[in-house]
Amino acid sequence: MYYLIEWTGYQPEDNTWEAEENLMGNKGLIADFKEAYSKQHPHTKFHGDRSVGVRRLVLQGVYDPDTKRHSPTFEQKHKYVIDSLFLFFFSRSQGHELIFDQHGNMTFKNVTPKVTVVNEIDDTSFPEQFVFIDKLVFSKRVSVPDPDFLIGCECQHSCLKTNNEECHEEWTYDSRGKLKPGCTGPLYECNLACQCKASCPNRVVQRGRTVALEIFQTKSKGWGVRCKTKIMANSFVEEYLGEVITEAQGEARGTIYDRIGVSYLFDMDSAVTEGTTAKYVIDSYVCGNASHFFNHSCNPNLTVFGVYHDSGDPYFHRLAFFALRDIEAGEELTFDYLGSHGLLPSNTHAQQRIECLCDDNACRGFIHS
Ligand SMILES: C[S@@+](CC[C@H](N)C(=O)[O-])C[C@H]1O[C@@H](n2cnc3c(N)ncnc32)[C@H](O)[C@@H]1O
Ligand SMILES: [Zn+2]
Ligand SMILES: [Zn+2]
Ligand SMILES: [Zn+2]
């Protein structure tokens, strides 16, 4: 169960998702909340498995967003932590359950190719509150891209074989679906308005991941990800998924995440030029896929590209990881948090200086600077 928390002294954009165990012992608050919920919804049983954003409820007597008044007793008791709880169910049913398969391996149910979880290092268990998703989730402040604004190609045969100027400006992939050498992105894939089929060679990222991954406990960087089979250079590996939020929300959440020492924000900034900023950010703190666990390296084997295939808005694009070189089965997958092709994870947001443990000879010392 997640609660959307309002923080004292911060704006509504500063709200962050917090799991019950992060509420710093405010059990009374949750009990009050559940009681208030059952009063407002007498015929609905309280449980944590609802669709995102279908219900929102403000705790009575704690904080009233209309008058912006706080209950004095509450302020005295909890000076800095929580103003109010909004119940904003993040549905676990949108996520994939972590189960044991027939071989006794931990794996996410109905995820193909598989994503397994193993800890051969210590007894740290996998973060229970993390919701494994296989598509983007949209904050209520961000509209799902409108396919009506897409411009499609009219290629009759394979998009890569015709030399049709009506097709997308640049041919991104070769016939085996690998990025063409020297490609700098962003990548324009065929889209809903195109005449070609789902099997079009210019639909690599939208067809999804093809390599099995394993989330594993590293020696010193927390959880990380490795591939189960060899990945060839320039292949698509995984998309960065999470909740799409606005830049303002990202800015505010960045400040708070930084305080608790986490960084899971990634700007969509392929279209950003000097003097402009990203409009959207992907936050994978609560929900994401294996890429939530990709660690930083100063000599990485992955790079990230902005990819367009479902939006005509230059500020809305997907973020996709590609292999920079051949990657052997079992190698950890890493990218440079300081960015490649101008894309920086949460570059505009507050950052703590975290010592880098990538072990590379050319290590820069810190993971963000
Ligand atoms: C996006 S998360 C990656 C997954 C993380 N290891 C976990 O267990 O959830 C980023 C965090 O991982 C850790 N991390 C990633 N790369 C690192 C590196 N090269 N050296 C030290 N810590 C790293 C830092 O704590 C960083 O804030
Ligand atoms: Zn096509
Ligand atoms: Zn085409
Ligand atoms: Zn390093």
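Two residues are in contact if their C-beta atoms, placed from the backbone, lie within 7 Å. This is a predicted model: local features need pLDDT of at least 70, side-chain atom pairs count only at pLDDT 80 or more, and totals for chains, interfaces and linings use all residues. Residues are numbered from 1 along each chain as its sequence is written, while chains are lettered from A and ligands numbered from 1 in the order in which they are written.

Colour by secondary structure. You get 4 helices and 22 strands (DSSP runs: H or I, at least four residues; E, at least two; numbered from the N terminus).

Next, select Val237, Val281, Ala320, Phe321 and Phe322. Within the largest nonpolar core, of 55 residues, these touch the most other members. Such a core joins buried Ala, Val, Leu, Ile, Met, Phe, Trp, Tyr and Cys through C-beta atoms within 7 Å; buried means 20 or more other C-beta atoms within 10 Å of the residue's own. Apart from that core lies another, of 8 residues, including Cys155 and Cys190.

Now go to ligand 1. Its shell has 16 residues, with Gly222, Trp223, Asn295, His296 and Leu357 the closest (near: C-beta, placed from the backbone, within 6 Å). Strands β13 (223-227) and β19 (295-296) each supply at least two shell residues.

Finish with residues 69-89. There pLDDT, the predictor's confidence in each residue from 0 to 100, stays under 50. Where pLDDT is low, the predicted coordinates should not be read in detail.

Methods:
A residue is buried if 20 or more other C-beta atoms lie within 10 Å of its own, exposed if 12 or fewer, and partly exposed in between; C-beta atoms are placed from the backbone.
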